[in-house]
Amino acid sequence: MAEKSTPPRAGVGHDVQTSTAPQGEAHGGSTFPPFNSETFAPQLVWLALTFTILYVLMSRLLLPRIGEVIDERRERIQRDLDTAERLKSDTDKAIATYEKAFADARANAGSIARETREKLDAKVAERQAAADADNAANIAAAEKSIQQTRTKALASVDEIATDVAGAVIKQLIDADVSASDIRSALSSRTS
Amino acid sequence: MAAEGHGHSPIEQFEIRELLPINIFGIDASLTNSGAYMLVALGLIVGFLYFSTGGRSLVPTRLQSISELLYEFVANTVRENVGNQGMQFFPLVFSLFIFVLVLNLLGMIPIPGITFTVTSHIAITASLALMVISIVIFYGLYKHGLGFFKIFVPSGVPLALYPLLIPIEIISFISRPISLSVRLFANMLAGHIALKIFAGFIGVLLGAGAWAILAPLPLALTVALTALEVLVAVLQAYVFAVLTCIYLSDAVHGSH
């Protein structure tokens with residue numbers, strides 16, 4: 001269709017088939033618009049033009065732009081998940097450390113208590129032993145002094161007995177008997 | 001021209017009207033309503049995708065979500081049908097899908113005397129289909145050499161059947177661009193003609209005295225058909241994209 005002066009297209013000066021609806025009778029024997037080959041060229045020219053521009057803009061500019069954002073978001077989410085995972089494992093580790101420290105401390109406290117108790121027991125035993133030894137020594141000393149006193153007393157008793165016996169003999173029979181005789185006589189009796 | 005009196009023909013809406021005569025080296029490159037609609041579609045698509053992703057925010061805005069949904073949707077379609085090697089064709093499939101989709105939908109917006117559906121013209125759909133098939137053939141030959149023609153030889157079939165099956169495969173291959181283009185063209189054409197006819201009934205009934213009482217019937221039908229046509233517009237764009245992917249899969253993977 002060559003140039004048309006008026007917008008109402010009609011195959012001006014062209015063969016009849018140009019126009020799809022040549023006035024009035026509209027679609028009488030005229031070409032069905034989609035099959036009117038006269039219109040193919042302008043359609044295809046503009047299709048080629050617009051689609052090429054669209055394709056170039058899509059592949060060079062728009063799709064990479066959208067893809068970038070989507071990828072970035074996906075990466076970011078992945079990164080955040082990784083971080084969360086790491087933090088969780090860190091936390092687990094910290095909890096394990098804490099629990100270990102707690103168990104150690106408890107064991108430590110137990111051993112300190114035991115040691116202290118043992119030390120105290122030992123000290124008590126030692127003191128007890130010392131006191132026992134002291135007492136034993138005192139008792140031994142006391143017994144010894146009692147023994148001495150008794151021996152001394154017994155010795156005095158002999159003397160007194162000898163003296164008494166000498167005096168008694170003198171009174172009774174008026175004879176002087178030597179002290180040694182009396183002593184031997186006494187000791188022979190007692191033994 | 002639809003304005004003047006005889007605007008009841010359901011065919012009129014498909015007429016190509018010249019807006020700006022241009023002639024380049026003897027080729028008629030006039031800007032027509034078809035060309036203008038394509039320019040508008042181009043502007044809408046590019047403008048929307050550009051400005052909706054302007055913020056590139058990690059938490060997408062509503063418009064950015066739409067762009068991203070479209071992106072993911074087409075990307076998944078390509079990945080599922082062609083595989084990851086097919087992603088080099090993603091811009092092509094996306095362009096085809098969005099171009100056909102927007103042109104189909106633009107044709108659904110009624111503007112008296114202007115509304116035009118670019119995809120209701122066989123020249124457009126056939127060109128797109130031929131482009132797809134050419135890419136399939138050229139890429140297939142580039143990738144597999146003459147081995148590409150093995151797609152015509154079904155595997156696991158006794159030799160005796162080859163003379164029968166190979167012609168069938170060739171015919172089915174050749175009919176692909178035809179079915180691809182005719183499917184879209186016929187859907188758009190038939191849908192818009194049906195719409196126009198039923199919408200025309202409303203006017204006819206209103207002007208027919210007592211019969212005007214029946215006018216709501218075709219009105220209701222027109223509303224229902226409009227909804228159906230919107231569905232068809234989206235569906236056909238998707239079908240075009242999916243079939244493109246399936247054909248490209250042949251080129252990428254060779255014989256099936």
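Predicted model: local features only at pLDDT ≥ 70, side-chain atom pairs only at ≥ 80, totals over all residues.
Residues are numbered from 1 along each chain as written, and chains are lettered from A in the order in which they are written. Local features here need pLDDT of at least 70, side-chain atom pairs count only at pLDDT 80 or more, and totals for chains, interfaces and linings use all residues.

**Exercise 1.** Describe how helix α2 of chain B packs against helix α6 of chain B.

Solution. 
- Step 1: Take α2 (residues 62–82) and α6 (residues 216–253), both of chain B; helices are DSSP runs of H or I with at least four residues, numbered from the N terminus.
- Step 2: Their axes, lines fitted to C-alpha atoms over the stretch in contact, lie 8 Å apart at an angle of about 40°.
- Step 3: The pair α2(B) and α6(B) is therefore oblique, a class left over once angles under 35 degrees (roughly parallel), over 145 (roughly antiparallel) and 65 to 115 (roughly perpendicular) are taken out.

**Exercise 2.** Compare the span of helix α4 of chain B with the expected one, and say what its buried residues pack against.

Solution. 
- Step 1: Helix α4(B), residues 122–144, has 23 residues.
- Step 2: Buried residues (20 or more other C-beta atoms within 10 Å of their own, C-beta atoms being placed from the backbone) of α4(B) include B:Ile122, B:Leu128 and B:Gly140.
- Step 3: The buried residues of α4(B) pack against α1 (40–173) of chain A and against α3 (90–106), α5 (162–206) and α6 of chain B.
- Step 4: Just after α4(B), B:Gly145 has a positive phi of about 60°.

Definitions and conventions
Axes fitted to C-alpha atoms, helices over the stretch in contact; angles between N-to-C directions. Helix = DSSP H or I, 4+ residues; strand = E, 2+ residues; numbered from the N terminus. Expected span 1.5 Å × (residues − 1). Buried ≥ 20, exposed ≤ 12 C-beta atoms within 10 Å, placed from the backbone. Contact = placed C-beta atoms within 7 Å.
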